[in-house]
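Subject: The structure, and what turned up in it

Hi,

Here is the structure for you to open and look around in.

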Amino acid sequence: MNDPNTSRIIDVLIAGAGPTGTTLAIDLVRRGLNVRIIDRAPHSFEGSRAKGIQPRTLEVFDDLGTIDEVLAGSSDYPRLGIHLGPVVAPWRMFRNRDRTTDVPYPNTRLIPQYRTDSVLHDRLEQLGGRVEYGRELVEFVQDSTSVTATTTGDGGIEKITARYLVGAEGGSSTVRSQLGLSFLGTTDEQDRMLIVDAVTTGLSRDRWHIWPGVKGRFAGACPLPHSDLFQWMIRLAPDEEPPVGVEAITRRIQAHTHNRNIEVHDIHWRSVFRPNIRLAEAYRRGRVFLAGDAAHVHTPAGAQGLNTGIQDAYNLGWKLAQVLAGADPQLLDSYEAERLPIAAGVLGLSTQKYEGIAKLDPSSLRRGKDEQQLSLTYYGGPLAPTNCDRTTTLQVGDRAPDAELLGTDGTPVHLFDTYRGPHFTLVAHGPDAAAAADELDWPTTGAPLRRVVVDAGVKADHALTDARHDFRHIHGIKGDTLLLIRPDGYIGHIATQNFLASIQTAARTMTPAARQETVR
């Protein structure tokens, strides 16, 4: 991170220190970039708001070095208990799955957002960075080489000049507003939900309790793991004044649940939420980018907003670093091209789920692969052309799956262990592919390349054996194959023939120029 007291140009300024902005800061700092991350709030977020972490996001946290803390601070989702008068109907929102070799984190985890934020902030500090709280971005100007932002805080006005600016400061984004980008969609001012984190008695903690109501005005209480708190969600009537304080909220809960034993005693956080459904018309103007809720806002159904924002950051981080290292600036155009269609699809999914909940549609209460974000693909985008080779199970732009192989000493090695870190990975199956991998000249600047060979009988960074055919089965491998894995864990190229020339062409779009692009 850059010293805030210096005036030199930094690489990236990030406005907003929620999960999206902090994920981006972690990824950039571990790549050696000079980064500052500011947040207008006086301290970190204290509420449970976005509490579901999807399997794909857990894989991101594994790569960033936070997975152990996230798993320790979370739990599997409890079963629903739908209260229908005196009857409580059990309902499983998720079908918990066992870990497989290709999906190491198969289940959505329940963790309050304040704990997720804390884990990410701790990781940033471990890497030498820190969030500058109480500093707000007021305005900015940009030219062809940099962005100069005016910020205010306890130390007064400060101008910060950076190569790039990323607005990750939520739905009311100053960055988006100053860029003049429309935030397309709707906000129903009559549809409001009171969200309260509170110590609650008279209610079992082994269920996520749901009380349906007329016209979709339900109430729900979800036990937050490793605490004595529940997150209450109470959908308000159009003309209803949101209750304030322990007594008023308790009365409102009892009136809806018809249970006088339920009481809240200690309110940790309270908010009135309006389900915005909006998408920015663009994610970039010049050297300024949007990410997370600044670019898209969702209903709370399906636990999609926070996860989509983290994926934005994970997609953008390595591209910024590559361009700053000398890659073609057009690489940055692929951020919007890849992420905006994903957000549009997620908006449709979460909106459908939210509307279905109000109607007590059972399918809206169930969660599956659509929400887990494991099947999202960039196939057909600027970095994943449709004319590339493919395997029987994978095409370029897909998420690279995990697999268990054996190292030279016979111990198990997971592919994700070789992917972990800010590098590209070249996986070569078979001797001809391994020979091409060895001959490939990789740039000395930007993200390095890690070479992994499978069943090739040659030396590499990792020489592995697919003794159980696990790798071949999951990856659909039939013969010699080269797979280039991007730093964000998606497949950047597949070659089943013409290995060296093919991989060189693909690498040029994502890397600085190599000193030579023939053989070493």
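Let me begin with Asp122, which has a relative accessible area of 39% and is therefore partly exposed; buried means under 20% relative accessible area, exposed over 50%, and partly exposed in between, using a 1.4 Å probe and protein chains only. Before going further, please note that this is a predicted model, in which local features need pLDDT of at least 70 and side-chain atom pairs count only at pLDDT 80 or more, while totals for chains, interfaces and linings use all residues. Residues are numbered from 1 along each chain as its sequence is written, and side-chain values use heavy atoms, with hydrogens and water left out.

**The negative patch**

Asp122 sits in helix α4; helices (H or I, at least four residues) and strands (E, at least two) are DSSP runs, numbered from the N terminus. Together with Asp68, Glu69 and Glu125, Asp122 forms a negative surface patch. Two or more residues of the negative patch come from each of α3 (67-72) and α4 (113-126). Patch members have over 30% relative accessible area and no salt bridge, and like charges are joined within 9 Å, whereas nonpolar side chains (Val, Leu, Ile, Met, Phe, Trp, Tyr) are joined within 5 Å. Asp and Glu count as negative, Lys and Arg as positive, and His and the chain ends are not counted. The place of a charge is taken as NZ of Lys, CZ of Arg, CG of Asp or CD of Glu, and accessible areas come from the Shrake-Rupley method with a 1.4 Å probe, where for residues only the protein chains shown count as cover.

Helix α4 also holds Asp117. At 3% relative accessibility, Asp117 is buried. Leaving aside neighbours within four places in sequence, Asp117 is in contact (heavy atoms within 4.5 Å) with Gly18, Pro19 and Phe45. The C-alpha atoms of Asp117 and Glu46 are separated by 9.1 Å, and these residues are 71 residues apart along the chain.

**Salt bridges**

A salt bridge here is a side-chain nitrogen of Lys or Arg within 4 Å of a carboxyl oxygen of Asp or Glu. The count by this rule is 21 salt bridges.

One of them joins the side chains of Arg36 and Glu132, at 2.7 Å from N to O. Arg36 belongs to strand β2 (residues 35-39) and Glu132 to strand β8 (residues 131-133), so this pair ties together parts that are 96 residues apart in sequence. Both partners are buried: Arg36 has a relative accessible area of 1%, and Glu132 has 8%.

Arg135 forms a salt bridge with Glu158, with 3.8 Å between the closest N and O atoms. Because Arg135 lies in the loop between β8 and β9 (136-142) and Glu158 in strand β11 (residues 156-167), the pair ties together parts that are 23 residues apart in sequence. Arg135 counts as buried at 9% relative accessibility, and Glu158 is buried at 18%.

In the salt bridge between Arg472 and Asp466, the closest N and O atoms are 3.0 Å apart. Arg472 is partly exposed, with a relative accessible area of 23%, whereas Asp466 is buried at 1%. Elsewhere, salt bridges that share partners join Asp27, Arg30, Arg31 and Asp63 into one network.

Following α2 comes Gly65, with a positive phi near 85°.

Thr250 is buried at 9% relative accessibility, and Thr257 is buried with a relative accessible area of 9%. Neighbours within four places in sequence aside, Thr250 is in contact with Ile262, Glu263 and Val264, while Thr257 is in contact with Trp211 and Ile262.

Asp455 is not a glycine, yet has a positive phi of about 50°. Asp455 is in the loop between β25 (449-454) and β26 (462-464) and is partly exposed at 27% relative accessibility.

Asn498, also not a glycine, has a positive phi of about 45°. Asn498 is found in the loop between β28 (491-495) and α14 (499-508), and at 56% relative accessibility counts as exposed.

Happy exploring!
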